[in-house]
Amino acid sequence: METKRQKLVDNVRSAVASARDRREVLDVAIRLIDDFSPNFDWSGFYMMEGNQLVVASYIGPETPHTVIPLNNGICGAAASTKRSVVVDDVTSDPRFLACSITTRSEIVVPLMDGDTVLGEIDIDSNTPSFFTDDDRIMLEAVAAVVVAKLKEIEA
Ligand code: SME
């Protein structure tokens with residue numbers, strides 16, 4: 001990973017180190033993630049509660065999709081397939097649930113604990129095709145850091 005992306009991963013790791021609870025981990029991490037790019041126009045965590053994704057810490061406009069079942073949305077697709085999903089043009093993806101009418105592209109990266117989905121990182125951009133494979137790799141590394149910290153706290 002090149003320096004600026006590795007730096008985000010390292011910054012998240014050191015920033016969450018002193019967090020005392022789940023809320024603090026997610027708040028601290030999402031602030032750093034959102035600061036990574038001015039083209040991250042909505043950045044948030046959804047966390048699994050029972051069989052649904054529930055919005056947790058986020059930065060951006062209020063979303064009408066505070067609870068998402070696993071068979072719904074791009075968020076549901078990432079959680080049910082346990083794979084990151086990158087959508088270059090949300091306007092041509094029938095799965096897309098709009099938080100904002102200005103959104104053009106989206107990335108969703110699951111928070112995996114082994115084979116279990118704990119939640120996910122969801123980022124929207126108003127720029128078409130904004131998210132690259134390097135972003136996906138970076139966010140998967142951030143997700144691993146967040147999961148490690150959540151497991152430490154919740155052990
Ligand atoms: N776009 C997501 C819904 C979440 S909002 O963007 C914050 C989806 O299609 O699942």
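These legends walk through a few close-up views of a predicted model.

View 1. Six strands line up here as an open sheet, and their order is 3-2-1-6-5-4. The pairing is antiparallel. Strand 3 (67-69) and strand 4 (85-87) sit at the edges, each with pairing on one side only.

View 2. Strand 2 (residues 52-59) pairs with strand 3 through three bridges, in the antiparallel sense.

**View 3. Strand 6 and its two neighbours.** Strand 1 is joined to strand 6 by six bridges, while nine bridges link strand 5 to strand 6. Both pairs run antiparallel.

**View 4. The hairpin turn.** Strand 5 and strand 6 make a hairpin, with two residues between them. Look for Gly114 in the turn, where phi is positive at about 60 degrees.

**View 5. Helices against the sheet.** Helix 3 (residues 73-81) lies across strand 1 (42-49), strand 2, strand 3, strand 4, strand 5 (105-113) and strand 6 (116-125). Helix 3 runs at about 35 degrees to strand 5. Helix 4 (residues 133-154) packs on the sheet as well, touching strand 1, strand 5 and strand 6. The direction of helix 4 makes about 35 degrees with that of strand 5.

Terms used. Residues are numbered from 1 along each chain as its sequence is written. This is a predicted model: local features need pLDDT of at least 70, side-chain atom pairs count only at pLDDT 80 or more; totals for chains, interfaces and linings use all residues. Side-chain values use heavy atoms; hydrogens and water are left out. Two strands pair if DSSP finds at least two bridges between them. Helices (H or I, at least four residues) and strands (E, at least two) are DSSP runs, numbered from the N terminus. Contact means heavy atoms within 4.5 Å. Axes are lines fitted to C-alpha atoms, for helices over the stretch in contact, and angles run from 0 to 180 degrees between N-to-C directions.
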